[in-house]
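Hi there,

Here is the structure I promised to pass on to you. Have a look at it first, and my notes follow below.

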Amino acid sequence: MIEFKNASVVYPNGFKALEDVSLTINDGEFVVVVGLSGAGKSTLLRAINGFVPVVEGSCNVNGQEVVGAKPAELRALRSDVGMIFQTFNLVNRSTVMNNVLMGRLAAVSRWKSMFGLWPAEDKELALRALERVGIVEKAYVRATNLSGGQQQRVGIARALAQEPKVILADEPVASLDPVTSHIVMRDLKKINEDLGITTLINLHFLDLARQYGQRLIGLRAGKLVYDGNINDVNDEIFRQIYGRAITPDDMLQDA
Amino acid sequence: MTVPDLAPDAVGDTERPIEPDWPKRLRWILMLVIGLPFVWGILGLELSWGAIGRAPGQIWGLLGGLLPPDWSEIAESFNKLLESIYVAWIASIIGAFFSFPLGFMAATNMAPNWMTGPVRALLSGIRAFPELVLAIVLIPAFGLGPFTGVLAIGIHSIGTLGKLTSEVIEGVDPGPIEAIKATGGTRFQAMRFGVVPQAMPNILAYWLYRFEINIRASAVLGMIGAGGIGAEIVGRLRFRDDWPKAGAALILTIVVVLIIDAISAGIRRRIIAGHPGTGPVSRTLGTIVGDITPPVAEIQEA
Amino acid sequence: MTIADDPIVTQRPTEPPRSAKYVLLIVAAVVVSIPFGVLDLDSASRGAIYGAIAYVMLLMLGTTSQPTQRSGLIDLVSLVVAGAVGLKLYIAPIAARTTVITWRLSLRASLGWFLFGVVVGWVVYRNRKGTNPSAIVLIGLAFAGAAFLALQAGTDVGYLESISNRAIKRGEFQNIEQVFHVWVGLIVLGVGLAVTTSFVLGNAVVISVTAAVVFTMLAFNKIQFSVFEMFSRATQVTTLVDKLWPPDFTWSKSIGQPETFVLWQPYVETLRIAVVGATTGVFLAVPLAFSASRLTTPNATVYWIAKSTMNLIRTIPDLFWGILFAAAVGFGSPFPGALAMIMFSVAIMGKLLSETIDAIDPGPLEAAKSTGASHWQMVKSAAFPQVVPHYVAYGLYIFELNVRASVILGFIGAGGIGRLLDERRNFFQWDQVMAIVLVIFVTVILIEIVSIWVRRRIV
């Protein structure tokens with residue numbers, strides 16, 4: 001369970017990225033976060049794994065308080081929270097397998113991992129994670145030789161290899177074309193349904209949010225302006241979130 | 001030639017911008033900034049037209065003394081050349097070994113400011129000493145010989161490699177580092193799995209490049225008595241009768257150094273590209289032995 | 001439920017050879033190189049270096065292969081037969097030798113190893129899918145080449161004699177032939193097997209690391225340098241400090257020159273050399289660099305000439321240039337130093353600039369050409385402006401390098417402060433040496449600071 005209580009985030013330059021947000025996300029939920037760029041979507045996700053510090057209020061993940069957590073506690077928390085990035089953040093020169101194995105870093109012996117000696121069960125886990133996203137045949141190929149969609153699936157596999165309780169996906173499809181966007185979203189949805197991993201996704205496109213999401217969180221200028229079922233979203237609510245009417249630009253495909 | 005009338009109506013009506021005169025002035029300033037020191041330098045060089053006039057003849061005479069080379073004692077020269085190469089190799093290893101952690105400590109994206117500042121100062125301090133000067137300073141304690149040569153070249157290499165390493169590290173993509181931190185990895189793990197795989201090819205290439213340079217440096221150090229091919233050539237230049245042997249040693253050095261450079265450059269290209277290269281060496285090998293076998297990935301896909 | 005409970009449904013790829021084999025190979029390399037180290041075989045190490053070079057060339061092929069299922073009996077039989085025939089072919093010429101082993105004799109003897117190597121190559125080719133057929137010949141050549149070089153090396157300067165005598169005295173061998181054969185055999189098997197493994201594993205990293213390890217051990221052995229020695233001699237640093245510190249800036253008085261600071265004149269001379277060398281060299285490098293870039297070269301011949309000129313100049317160290325010019329225009333004057341620095345500057349600027357030109361945007365060049373400009377007009381108007389900021393930055397950098405390099409020219413009589421340094425060193429006046437070194441240090445640092453400041457403003 002993730003719980004924000006009156007949480008605020010202020011960046012060093014004084015910019016208020018998140019203001020007084022209170023929010024509870026239950027285990028196994030599939031939540032889509034929308035808003036204009038700069039509305040605080042990324043900040044919300046990054047506050048959960050402590051990448052940006054919450055300066056006021058509290059943020060609690062599975063019973064661990066993020067605010068004021070010690071470095072070791074923070075690492076333990078992060079090992080339970082997988083993150084997927086817009087730019088994939090893979091090590092291009094390493095093989096897919098090594099990239100996925102990075103998800104096991106918090107779990108394996110420090111010394112063995114230094115020399116690249118991974119326990120057999122961790123390798124097995126990494127291969128299963130790759131099977132999940134359907135690219136196990138690429139396991140020993142360098143990440144740089146994969147297409148964008150394949151790279152993002154490696155990113156998902158890396159998060160899966162952590163055996164996480166929560167997955168945070170920060171604009172996972174913003175760098176992908178429509179077809180691969182749907183594949184990646186389907187993968188994420190299926191992982192959420194099969195494994196019951198709580199999933200938070202930042203999305204830019206409304207139709208993708210409608211198609212895959214259950215619960216929608218709308219942010220505007222750092223404030224929570226909508227939290228509810230995605231099917232209840234109408235033009236009025238949309239205007240609240242975006243401050244304007246829907247345009248084709250907000251859709252992935254002109255359906 | 002008359003200027004063709006491109007815009008008959010506009011001439012005279014529009015206000016044209018005045019051509020700025022700063023480029024002209026800059027040109028003059030530059031000429032002065034470069035020219036004055038040049039003149040100052042030339043005047044102190046004790047030039048005499050006589051010497052310059054004689055120079056081509058002297059060089060010709062010198063070459064005539066060196067050529068045709070006498071290959072009779074080339075085996076000995078070759079051993080000396082090997083000695084220089086060994087010194088260069090060990091010095092490069094010392095440089096690589098110590099510059100690696102220093103490079104991380106000097107990179108602004110890896111280490112805190114209180115650490116990068118002093119480490120950078122240390123590195124540029126080391127670089128300020130030419131290898132030869134370092135060697136001279138080390139002589140009172142370590143004497144003349146390969147040991148001093150290795151230390152002098154090795155220490156200088158730490159300075160240059162440390163700087164280059166830190167620049168490579170500063171240029172890596174921060175994404176993977178963030179990803180590793182997000183999985184709960186430590187700072188050290190982020191370096192090992194996020195930074196090293198990205199930076200290592202370039203760092204390795206610099207190590208090899210430094211080895212190429214160190215061979216030359218080690219040859220030069222021989223001239224002040226640290227052994228190796230430098231001492232060999234200087235020694236043979238002492239007596240006119242030995243000049244053809246010096247010529248042979250010189251030609252040998254040039255050829256071997258060029259071969260090592262070519263091989264090293266081929267490997268460097270390959271390391272950076274991450275696959276068999278298309279450089280001259282790989283290409284030549286390719287034409288000799290047929291197709292270059294594709295990398296692992298393609299075989300597995302087939 | 002987690003992914004650990006997922007059923008295995010897909011065909012998984014096999015893991016390519018990695019760490020375990022890699023570690024084994026390094027251990028093997030160390031073991032192979034032990035005889036080189038322990039027996040102090042000078043020519044053996046030479047053989048190993050040729051091996052290392054062959055090795056490095058081969059790794060560029062990047063061979064990758066996978067095992068196939070074939071009967072091992074044929075392999076075994078052919079290896080044994082080839083081994084026996086090869087040994088016979090190898091021993092015969094050596095045994096029949098009268099006095100010394102000529103290169104013809106070595107060639108004939110290495111034929112046996114070639115035969116053996118070819119069969120080894122053929123076995124590898126048969127058993128590893130994806131092996132390049134050239135492996136057969138190349139492995140054969142590696143064996144034969146190693147044998148030839150080992151035989152040749154063993155014949156000169158009597159190394160073999162002394163080693164053999166020692167080994168026989170220790171009772172390890174009965175006679176010189178035995179030592180000889182064991183020794184040649186070790187080299188050839190070491191080099192040959194290394195090359196063979198490279199084809200079997202086909203992993204460039206494995207090969208190059210092994211080669212590097214072997215070469216390092218050799219180098220340490222050859223120049224009698226060990227890590228232990230490095231640490232044990234670390235204490236000598238105190239001696240160093242004793243002798244060098246404090247620096248003596250006042251010795252001009254002791255040699256009867258109370259008025260002039262004795263450092264000043266050679267110091268200025270060094271700066272003059274650096275200035276003239278840098279400015280002239282940087283200008284001369286421009287046509288060379290534009291001729292040595294594929295984008296701006298007028299034709300292939302000029303390109304080739306410019307490129308090889310640059311390589312040639314670069315290969316010869318600055319100090320060798322200094323000697324050459326000092327011999328030509330007279331020792332003791334700063335003029336040859338300046339000439340050497342010009343060569344030095346041309347070499348570096350030529351390389352840096354031509355590489356920068358290679359990377360410029362070719363669009364403007366095409367545009368200039370389409371207006372009917374001549375070749376050099378095109379270069380001047382479309383290529384040159386693109387590289388000007390880099391050119392200036394490189395120029396300053398080269399000036400920096402020149403100051404550092406010109407310091408040492410005095411050692412070979414080409415003028416400047418190096419002469420003083422050499423002189424004080426020969427008098428064992430270490431405190432005075434330190435004074436000169438400090439002056440150099442401060443100068444270099446100051447120039448670097450100024451140069452970095454200017455470069456930052458330009459680029």
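At what angle do helix α18 (residues 417-426) and helix α19 (residues 430-458) of chain C pack, and how far apart are their axes? Before the reply, a word on conventions. This is a predicted model, in which local features need pLDDT of at least 70 and side-chain atom pairs count only at pLDDT 80 or more, while totals for chains, interfaces and linings use all residues. Residues are numbered from 1 along each chain as its sequence is written, chains are lettered from A and ligands numbered from 1 in the order in which they are written, and side-chain values use heavy atoms, with hydrogens and water left out.

**Two helix pairs**

Now the reply: the angle for α18(C) and α19(C) is about 160°, and the axes are 8 Å apart. Because of that angle, α18(C) is roughly antiparallel to α19(C) (angles under 35 degrees count as roughly parallel, over 145 as roughly antiparallel, 65 to 115 as roughly perpendicular and the rest as oblique). Axes here are lines fitted to C-alpha atoms, for helices over the stretch in contact, and angles run from 0 to 180 degrees between N-to-C directions. Helices (H or I, at least four residues) and strands (E, at least two) are DSSP runs, numbered from the N terminus. The two helices cross in a left-handed way (the near helix is turned anticlockwise from the far one by less than a right angle; clockwise would be right-handed).

On the α18(C) side, the contact (heavy atoms within 4.5 Å) is made by I417(C), L420(C), L421(C), R424(C) and R425(C). From α19(C) come W430(C), Q432(C), V433(C), I436(C), V437(C) and I440(C). Sorted by class, that gives eight nonpolar, one polar and two charged residues (Ala, Val, Leu, Ile, Met, Phe, Trp, Tyr, Cys and Pro count as nonpolar, Asp, Glu, Lys and Arg as charged, and the others, Gly among them, as polar).

In chain A, helix α5 (residues 120-132) packs with helix α6 (residues 148-161) at about 135°, again with axes 8 Å apart. That angle makes α5(A) oblique to α6(A), and their crossing is right-handed. L125(A), A129(A), L130(A) and R132(A) of α5(A) meet A157(A), L160(A) and A161(A) of α6(A). This contact has six nonpolar, no polar and one charged residues.

**A threonine in chain C**

T296(C) sits in the loop between α12 (264-291) and α13 (300-315) of chain C. With 0% relative accessibility, T296(C) is buried (under 20% relative accessible area; exposed is over 50%, partly exposed in between, with a 1.4 Å probe and protein chains only). A polar atom of the T296(C) side chain lies 2.7 Å from the backbone oxygen of F290(C). Beyond neighbours within four places in sequence, T296(C) touches F290(C), I357(C), L365(C), H375(C), V379(C) and A383(C).

**Positive phi in chain A**

N6(A), in strand β1 (residues 2-10), has phi near 45° and is partly exposed at 43%. A221(A), in the loop between β9 (215-220) and β10 (223-229), has phi of about 50° and is exposed at 55%.

**Chain B**

Chain B has 12 helices and zero strands. Of its 302 residues, 50% are buried. Among its contacts between residues at least 6 apart in sequence, 74% join residues at least 24 apart.

Best wishes

Methods: A polar contact is a pair of N or O atoms within 3.5 Å; within protein, one must be able to donate a hydrogen and the other to accept it, and residues adjacent in sequence count only if both atoms are side-chain atoms.
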